[in-house]
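Here are a few notes to read alongside the model.

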Amino acid sequence: MVLNKDTAQKTAELLLQINAIKLEPENHFTWASGWKSPIYCDNRIILSYPAIRNYIREEIGKQVEQLYGKPDVIAGVATGAIGIGILVAEYLGLPFIYVRPEAKSHGRQNQVEGQLEADQTVVVIEDLISTGKSSLNAVDALEKAGANVKGMVAIFTYGFDTATENFEDKKTTLHTLSDYEHLAKLAAETGYIKENELKTLMTWRENPSQWKQ
């Protein structure tokens, strides 16, 4: 759920500007899952642009405070949200931890890295939401470690129905700076894509796992 429309439009504009999001409606990208897609998002590129990463850091930080007050800890989801999570924690003056996809097989065998006490309140920071499974896996790990997870704030979501269902099933709130609708609308209005290409983007989003160019 987008909290602020102006922020959603500005964030989409910045992500397109630095090619953190690429749109290729006439071609396609292949995701790690094997899905074919006319869009590819890599928000880690944000970290290479100081002014933009500061904007993202501050907007997420403000939303965390607006939605949840100040939690005890900020958690980033490895690996994509470690960098932005640290920036948000620094902005809010809070401790930072991060969550691995699974526990290490050696050493202390941690899945949650950093200092976390039982019953501490945590807000999770994510860079990108697709199906939501990896993000909610991090929530599960934090709860098993005794954390009280207040919710999640992410930079961008594709807005898949399956993600909405997964978050609802987990009873975890999700807010994002921007989303697919704002991105597609902006891309069409600014001439980044043509009208027929906008139709391709919206068709893909309806059934991404079965989409064929």
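1. Let's begin with glutamate 165, which sits in helix H5 (residues 161-170); helices (H or I, at least four residues) and strands (E, at least two) are DSSP runs, numbered from the N terminus. Glutamate 165 is partly exposed, at a relative accessible area of 45%; buried means under 20%, exposed over 50%, and partly exposed in between (1.4 Å probe, protein chains only).

2. A word on the source: this is a predicted model, where local features need pLDDT of at least 70, side-chain atom pairs count only at pLDDT 80 or more, and totals for chains, interfaces and linings use all residues. Residues are numbered from 1 along each chain as its sequence is written, and side-chain values use heavy atoms, leaving out hydrogens and water.

3. Threonine 172 counts as buried because its relative accessibility is 11%. Setting aside residues up to four places away in sequence, threonine 172 touches Leu136, Val139, Gly151 and Phe167 (contact means heavy atoms within 4.5 Å).

4. Now have a look at helix H3 (residues 82-92), whose buried residues are Ile82, Ile84, Gly85, Leu87, Val88, Ala89 and Leu92. Their cover includes helix H2 (50-68) and strand S9 (148-157). Just after H3, glycine 93 has a positive phi of about 70°.

5. Finally, asparagine 43 is found in the loop between strand S4 (39-41) and H2. Asparagine 43 is buried, with a relative accessible area of 4%. Beyond its neighbours within four places in sequence, its contacts include Leu15, Asp127 and Phe156.
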